[in-house]
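Here is a friendly walk through one protein model. Take a look at the sequence and the 3D view, then read on.

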Amino acid sequence: MDQDDASPISSGVEGLDYVLRGGYAKFRSHLVEGRPGSGKTTLGLQFLIKGASDGEKCLYITLSESKRELHSVAERHGFSLDGIEILELVPPELSLDPSQLQTLVHSSDLELGETVQSALAEIERMKPDRVVFDSLSEIRLLSQGSLRYRRQVLALKSFFLLNNATVLLLDDLTAEHDDLNLHSISHGVIRMEQLSPIYGGERRRLRIIKMRGVQIRGGFHDFVIRPGGVMVFPRLVASEHEMAEHGTPATGNGSVDTLVGGGLDRGTSTLLMGPSGVGKSTIACSYCHAALKRGEHVLVLLFDETKRIFLARASGLGMDLGPFAVNGSLLLEQVDPAELSPGELSSRIQSAVERSSARIVVIDSLTGYLNAMSEEQHLVLQMHEILTYLNQKGVVTILLLANHGLIGQMSAPVDMTYLCDSVMLLRFFESGGRLRRAISVVKKRVGPHEDTIREFKISATGLAVGEPLEEFRGILTGVPTYEGKQGNLLQDKSS
């Protein structure tokens, strides 16, 4: 027996190879199923293109699309089909190429056996290493019965195995019910799905239903189809990634560092909670600016504002981040929740950490991230994996979460406090007819922190943190009772 028998070979899609732990099984038949438009043809083309680039013989057997249509798909993705043989088994009226009319096999005029024999004869003549059979739904229609259909597919599988071909059988699930007969006779089964949310672009995901002899990475994995083909974003599993050195704490603003016990520890996550406009992004900016000046790389994911506004606001506070964005040490990514799947977002974070060595990751804000998720429960589960992964890599993670409301009774759209190592609470409060800001650290798992509530102020020179607000009662309610003297509060420098 060939020692390479059933060994993994690349699918041509990096993320899918990771999910399959190396790729498809060599010399085996795999079923790729999904509704029309889910990306099966593109996935099949990438499989053959990878084989052709490695010097293998590749054959695409099509019963549903013409050669011209396949070349059109390839052209839009920038693919070259050089080295790939295409066998058409389609009626002539589906072909727009006059030169092909005399060489086409008319499947509509043939019995099932003749159609299959045409494909088998080409395989026997060419002896391909990789084959894509598109699609089994045409065989199902010609079979006119489930028993005959199963027998024909089983015959195809056996023939491919005898000829040492690695095969993808595409099925568009046009039958009234899923035909599980195919699952039992296939070595591996991949299900591709396309979901249509009420608002925003479609979401695509795939799942490996089975792969014999392989402990595949289970569950749903997001993928997209863009110019260049299918891109799969494997579900992030933190336990599969190695621990990294943590190093010294990350410092930002000196006054804020004092509150959290000397800075944010490496390999921890900090949640900044407060109403919109209270200063969460400014505090995050101060840590980013300090890290960039130390020569570290920083990733900032913006859900709620544009890059231009973010840079302009930071510059107005005495933190010029523009040069760092130009030289690549500041990775500033503007995220559209309606277009970006959660799997792609976690993939971007992982790429920034492993390829760009990002040491600080800021998500601004979780409220925008929540809108990218279909259900709150999924957000918490996925954020748990992301935070665990970043903590293992020694990254400082800063999460921003906007409360509902500005003054008085407030609530958070999702409870993330138990996931984070530190929680910093920011509040507006009223005093002397003016709106002021208060800051406190209510949780820190590693090391000591202050338990005081302090006033802080944002100005053109940055952040200023005042003395503990000892003579106030009820500050976190937003409408406190003041029991001290007015002179104890921070004053404007202009007055």
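What follows is a short tour, from the whole chain down to single residues.

## Ground rules

This is a predicted model, in which local features need pLDDT of at least 70, side-chain atom pairs count only at pLDDT 80 or more, and totals for chains, interfaces and linings use all residues. Residues are numbered from 1 along each chain as its sequence is written, and side-chain values use heavy atoms, with hydrogens and water left out.

## The chain as a whole

Let's start with the big picture. The chain has 14 helices and 22 strands; helices (H or I, at least four residues) and strands (E, at least two) are DSSP runs, numbered from the N terminus. Of its 495 residues, 53% are buried. Here, buried means under 20% relative accessible area, exposed means over 50%, and partly exposed is in between (1.4 Å probe, protein chains only).

How much of the contact list joins residues at least 24 apart? Counting contacts in the chain between residues at least 6 apart in sequence, the share is 69%. A contact means heavy atoms within 4.5 Å.

## Nonpolar cores

A nonpolar core is a set of buried Ala, Val, Leu, Ile, Met, Phe, Trp, Tyr and Cys residues joined through side-chain atoms within 4.5 Å. The largest one here has 38 residues, and Ile283, Val300, Ile398 and Met424 touch the most other members. Helix H9 (residues 280–293) supplies the largest share of this core, with seven residues. Apart from it lies another core, of 35 residues, including Met273, Val335, Leu345 and Ala352.

Leaving out residues up to four places away in sequence, isoleucine 283 touches Val256, Leu272, Met424, Leu426, Ile439 and Leu463.

## Rings and charges

How many aromatic pairs turn up in a search of the whole structure? There is one. Rings of Phe, Tyr and Trp (its six-membered ring) pair if their centres lie within 6.5 Å; planes under 30 degrees apart count as stacked, over 60 as edge-to-face and the rest as tilted. The pair is tyrosine 24 with phenylalanine 47, and it is edge-to-face because the planes are at 85°, with the ring centres 5.2 Å apart. It links distant parts of the chain, 23 residues apart: tyrosine 24 is in strand E2 (residues 24–25) and phenylalanine 47 in helix H2 (residues 40–53). Tyrosine 24 is buried at 0% relative accessible area, and phenylalanine 47 is buried at 0% as well.

Helix H2 also holds threonine 41, which counts as buried at 17% relative accessibility. Setting aside neighbours within four places in sequence, threonine 41 is in contact with Tyr60, Glu65, Leu70, Asp134 and Leu170.

Some rings have a charge over them, meaning that NZ of Lys or CZ of Arg is within 6 Å of the ring centre and within 35 degrees of the ring normal. The charged end of arginine 205 sits 3.6 Å from the ring centre of phenylalanine 220, and that of arginine 217 sits over tyrosine 18, 3.8 Å from the centre of its ring.

## Around histidine 221

Is histidine 221 buried or exposed? Histidine 221, part of strand E10 (residues 220–226), is buried, because its relative accessibility is 1%. Its side chain reaches the backbone oxygen of glycine 219 at 3.5 Å, while the backbone nitrogen of arginine 235 lies 2.8 Å from a polar atom of that side chain. Leaving aside neighbours within four places in sequence, histidine 221 is in contact with residues including Val19, Arg204, Leu206 and Phe233.

## Cysteines

A search of the whole structure finds zero disulfides, a disulfide being a pair of cysteine sulfur atoms within 2.5 Å. For cysteine 288, the nearest cysteine sulfur is that of cysteine 285, 6.0 Å away. Cysteine 288 is buried at 1% relative accessibility, and cysteine 420 is buried at 0%.

Key. A polar contact is a pair of N or O atoms within 3.5 Å; within protein, one must be able to donate a hydrogen and the other to accept it, and residues adjacent in sequence count only if both atoms are side-chain atoms.
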